[in-house]
Amino acid sequence: MQNQQQKHDTNKKYATPTMAFLTFFKAMFGSGLLALPNAFHQVGLPLGIITYMCVSIGCTFSAGFILYASQVISENRRLQPCWDEEEEDDAKIQEEEEEEAKTLHDD
């Protein structure tokens with residue numbers, strides 16, 4: 001049973017950077033594209049194109065930052081798979097602080 005699960009895990013398909021970008025692009029622009037003709041009519045074609053390009057560039061950079069943050073977080077999780085160690089360290093620090101407080105209070 002475990003061998004089947006291991007084989008299944010190795011056959012995972014991950015999104016390519018292009019697929020991830022297209023997914024973010026589709027999610028960010030989605031139904032907002034339906035309002036573009038009205039917006040272009042109100043502000044004019046030149047200003048509409050300039051504004052649209054600025055928004056597109058901003059969204060592209062945002063998507064890149066989100067993908068980068070996701071990658072960094074996943075790498076950190078691989079490096080530190082167990083949070084119990086941090087909790088133990090915090091508990092030790094708290095115990096040491098309590099001991100120091102008791103010693104200062106006794107003096």
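Predicted model: local features only at pLDDT ≥ 70, side-chain atom pairs only at ≥ 80, totals over all residues.

Residues are numbered from 1 along each chain as its sequence is written, and side-chain values use heavy atoms, with hydrogens and water left out.

**The whole chain.** Begin with a cartoon view, where the chain shows five helices and zero strands, in the order α-α-α-α-α along the sequence; helices (H or I, at least four residues) and strands (E, at least two) are DSSP runs, numbered from the N terminus. Of the 107 residues, 6% are buried, that is, under 20% relative accessible area with a 1.4 Å probe and protein chains only. Switch to a surface, and the accessible area comes to about 9,900 Å², 60% of it from carbon and sulfur atoms, as calculated by the Shrake-Rupley method with a 1.4 Å probe.

**The largest pocket.** Next, select Ala15, Pro17, Ala20, Phe24, Leu67, Tyr68, Ser70 and Gln71, which line the largest pocket. A pocket is an open set of points on a 1 Å grid over the protein atoms alone, with protein on both sides within 12 Å along at least five of seven lines, and lining residues have an atom within 4 Å of a point. Helix H2 (17-29) and helix H4 (45-79) are the elements that give two or more residues to this lining, and H4 has the largest share, with four. The pocket volume is about 190 Å³, taken as the space filled by probe spheres set on the points, which are joined across faces, edges and corners.

**The largest cavity.** Now select Phe21, Phe24, Phe25, Met28, Phe29, Cys59, Thr60 and Ala63, the lining of the largest cavity, a cavity being a set of grid points where a 1.4 Å probe fits but cannot get out. Its volume is about 40 Å³. Which helix gives the most to this lining? H2 does, with five residues.

**A surface patch.** Finally, select Phe21, Leu22 and Phe25, which make a nonpolar surface patch of about 270 Å². Patch residues have over 30% relative accessible area and no salt bridge, with like charges joined within 9 Å and nonpolar side chains (Val, Leu, Ile, Met, Phe, Trp, Tyr) within 5 Å; a salt bridge is a side-chain nitrogen of Lys or Arg within 4 Å of a carboxyl oxygen of Asp or Glu. Leu22 lies in helix H2.

How values were computed. Buried < 20%, exposed > 50% of the residue type's maximum accessible area, 1.4 Å probe, protein only.
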